[in-house]
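Hi,

Here is the structure I said I would pass on.

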Amino acid sequence: MQNTRRYARELTIADIFVFLRAIYFKLTTIFPKEMLNIILFGPPGSGKGTQAYRLKETYNLLHISTGDLLREEKAKGSPLGLEAKKYMDNGLLVPDEVVIGMIRVKLEENVGKVAGIIFDGFPRTVAQAEALDKLLEEKETHIEKVLALEVGEDELVRRLLERGKTSGRADDTNEDKIRTRLGEYHSKTALVAGHYAKSDKVRNVLGEGSIEDITKRLAAELDGDTGEEE
Ligand code: AMP
């Protein structure tokens, strides 16, 4: 008798749990929460990877780094990786259609399943930015903000050479290749900020100082808490 009563009580709690969960899922389908999609922007060596990792944890975002995805393909020796290697090892940008194709797959797999995405190292050309806007629009979402890390050129070269000692990345060890990458940034990637400035999405953030302080500045921009008058 006692057993039956305990079983009945447990069943009731479990039922309530299942019922509440069903209501929660129903509500999130009727009123989906807006995704928080951000671009972490800046030249090579500005700390995008480090900061993306920290922001992803705080805001529960999916981190998509095209550099990491391309290095994975390179390591696997896939046809895409072998094609990309020719550009990457020389500090040049990989063709747009290759990276846009990778992003399309990632969005297909993840939109609707994650709270938001932090893009790191993408988009790097205006054509990539336009393709990203279109892909997100198809999924009824958009880029919320572009956080642009600002770091002086000498500091960038110093950081990249320093990283090259331990990263095992061929493109970090040679100063000529570093200069080529910075050249690609200035001639092709910097224009991406102009693309997003048209819709007032760009926030410049000082990328020098301690890692902690830089994260705080980025978070303040995301939270709309920069102490500036709106
Ligand atoms: P990263 O790790 O972001 O510095 O990227 C390393 C290298 O991968 C770059 O120098 C490019 O050769 C290539 N790469 C990464 N992301 C992109 C992109 N969005 N467009 C073109 N090339 C890219």
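Before the helix packing, one convention: axes are lines fitted to C-alpha atoms, for helices over the stretch in contact, and angles run from 0 to 180 degrees between N-to-C directions. Bear in mind that this is a predicted model, where local features need pLDDT of at least 70 and side-chain atom pairs count only at pLDDT 80 or more, while totals for chains, interfaces and linings use all residues. Residues are numbered from 1 along each chain as its sequence is written.

The overall picture: the protein chain has ten helices and five strands (DSSP runs numbered from the N terminus, H or I of at least four residues for helices, E of at least two for strands). Its C-alpha atoms fill a box of roughly 80 × 50 × 35 Å along the principal axes. The radius of gyration is 22 Å, whereas a compact globule of 230 residues would be near 17 Å (taken over C-alpha atoms; the globule rule is 2.2 Å times the number of residues to the power 0.38).

Now the helices. H3 and H4 pack at about 115°, and their axes are 7 Å apart. On the H3 side, the contact uses Leu 70, Glu 73, Lys 74 and Lys 76; on the H4 side, Leu 80, Gly 81, Ala 84, Lys 85 and Met 88 (contact means C-beta atoms, placed from the backbone, within 7 Å). By type, that contact has four nonpolar residues, one polar and four charged (Ala, Val, Leu, Ile, Met, Phe, Trp, Tyr, Cys and Pro count as nonpolar, Asp, Glu, Lys and Arg as charged, and the others, Gly among them, as polar).

Both helices also turn up at the ligand: H3 (66-76) and H4 (79-88) each give at least two residues to the shell around it. H3 has the largest share, with three residues. The ligand has 17 residues around it, and Thr 66, Gly 67, Val 94, Gly 121 and Arg 124 come nearest (a residue is near a molecule if its C-beta atom, placed from the backbone, lies within 6 Å of it). Nine of the shell residues are nonpolar, five polar and three charged.

Last, the sheet. Five strands make an open, parallel sheet in the order S2-S3-S1-S4-S5 (strands pair if DSSP finds at least two bridges between them). S2 (62-65) and S5 (202-206) are the edge strands, each pairing on one side only. S1 (36-41) and S3 (116-120) pair in parallel over five bridges, and Leu 40 stands opposite Asp 120 in S3.

Cheers

Notes: Two residues are in contact if their C-beta atoms, placed from the backbone, lie within 7 Å.
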